[in-house]
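Subject: Structure handover

Hello,

Here is the structure we talked about. Please open it and follow along with the notes below.

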Amino acid sequence: RLQFYQFRRDKGYDDIPIIASHMGLTGFSYTLIGKKLKSKTFDTSSSLIALKYMSPPLNEISFNPLSINLYDEEILEVIHSGGLLGLSLDLRILGRVGQNVTELIRSDELDELMKLENSFDQVADESIKIDKKDKTGLRYLALHILHIINLTGEKGWQHICLGSDFDGLIHPIDCCKNSAQLPQLEKLLLLELEDMIRSSDTKISCQDLAHHVRDFMYNNVRNFTQKYFSRQYLYG
C-alpha cells in the first residue's frame, strides 16, 4: 500500500480519490509499530519475522493491529484524497482477535516500516480508550468511527461508509448479520456513538450526530458515486 501511495505522488495523481473498502484500523501510526510489539522472532529459513503484538488491557476494547488494517497515516491518505473509507463489519477485522495476535512479515518490509516517519502533523500517539461494555460487536465499529473522526476532524464524517464484506466469508457483528438489518444498525450505532462520546475524553461533538450516522450508512456513498462516476467527471 505504501508503494501505491508513492506511485500516486510520483504520477501527480493526488487529486484522484482513493477507495479503501472492507477495511479495519490498526489504531496507531506505523511509526509506533515497535512500541506495540511484545516480541519478534526471526526465522532464518524463510526470511520472515513473527510479530507478536501487545494485548489490550482486559477492561478495554481495541483494534486488530495486524497490517491487513490501515495505519493512521493511511486514514489520512484516503481522507486527504477526497476518497472513501469503507469499514468492514467482520468482528475479527474490527478487533475481536483474542489475546495473542501474531503475524508473519518479510524482514525487509519490516525494516522499511520501522524507518518511516509520518508526514502528517495530526497523527495521534494513542487511540481513544473505551471500556469493554461490548454490545455484540457494535462497540468495535463505533470505536473505529470515533478514531477516524478524532484523527481527521469533522471532515472525516463525509469520507466514511460501510464496507460490510457481506459478499465474503465473515463473522459479522451480531446486530447486523445481513443487509436487511441495516436500519437496525443505524439506530443502534447512533445510540452507541452518543454513549461512547459522552463517556470518553474525546472532543468529538454529538451535534448533528444523527445526520453523520445517516451519511455513514448511505449518503456518503451516494454522493461519491454521483460525483465521480458521472459523465461530467469521467469525460469532462
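A patch here is made of residues with over 30% relative accessible area and no salt bridge, with nonpolar side chains joined within 5 Å. Note that this is a predicted model.

**Nonpolar patch.** Phe7, Tyr13, Ile16, Tyr233, Leu234 and Tyr235 make a nonpolar surface patch of about 640 Å². Helix α9 (residues 231-235) gives the largest share, 3 residues. Tyr13 sits in the loop between α1 and β1. Its relative accessibility is 35%, so Tyr13 counts as partly exposed.

**Second largest pocket.** The volume is about 340 Å³. Two elements, α1 (2-11) and α5 (107-115), each give two or more residues to the lining. The largest share, 3 residues, comes from α5. By class, the lining has 5 nonpolar, 2 polar and 4 charged residues. Glu112 is one of the lining residues.

**Salt bridges.** The count is 9. Glu112 also pairs with Lys115, with the closest N and O atoms 3.7 Å apart. Both lie in helix α5, 3 residues apart, about one turn of the helix. Lys115 is exposed at 59% relative accessibility, while Glu112 is partly exposed at 48%.

Arg139 and Asp195 meet at 2.7 Å, N to O. This pair links distant parts of the chain: Arg139 is in helix α6 and Asp195 in helix α7, 56 residues apart. Arg139 is buried, at 0% relative accessibility. Asp195 is partly exposed, at 28%.

Best wishes

Definitions and conventions. Residues are numbered from 1 along each chain as its sequence is written. This is a predicted model: local features need pLDDT of at least 70, side-chain atom pairs count only at pLDDT 80 or more; totals for chains, interfaces and linings use all residues. Side-chain values use heavy atoms; hydrogens and water are left out. On a 1 Å grid over the protein atoms alone, a cavity is a set of points where a 1.4 Å probe fits but cannot get out, and a pocket is an open set with protein on both sides within 12 Å along at least five of seven lines; lining residues have an atom within 4 Å of a point. Grid points are joined across faces, edges and corners, and a volume is the space filled by probe spheres set on the points. Helices (H or I, at least four residues) and strands (E, at least two) are DSSP runs, numbered from the N terminus. Ala, Val, Leu, Ile, Met, Phe, Trp, Tyr, Cys and Pro count as nonpolar, Asp, Glu, Lys and Arg as charged, and the others, Gly among them, as polar. Patches are made of residues with over 30% relative accessible area and no salt bridge: like charges are joined within 9 Å, nonpolar side chains (Val, Leu, Ile, Met, Phe, Trp, Tyr) within 5 Å. Accessible areas come from the Shrake-Rupley method with a 1.4 Å probe; for residues, only the protein chains shown count as cover. A salt bridge is a side-chain nitrogen of Lys or Arg within 4 Å of a carboxyl oxygen of Asp or Glu. Buried means under 20% relative accessible area, exposed over 50%, partly exposed in between (1.4 Å probe, protein chains only).
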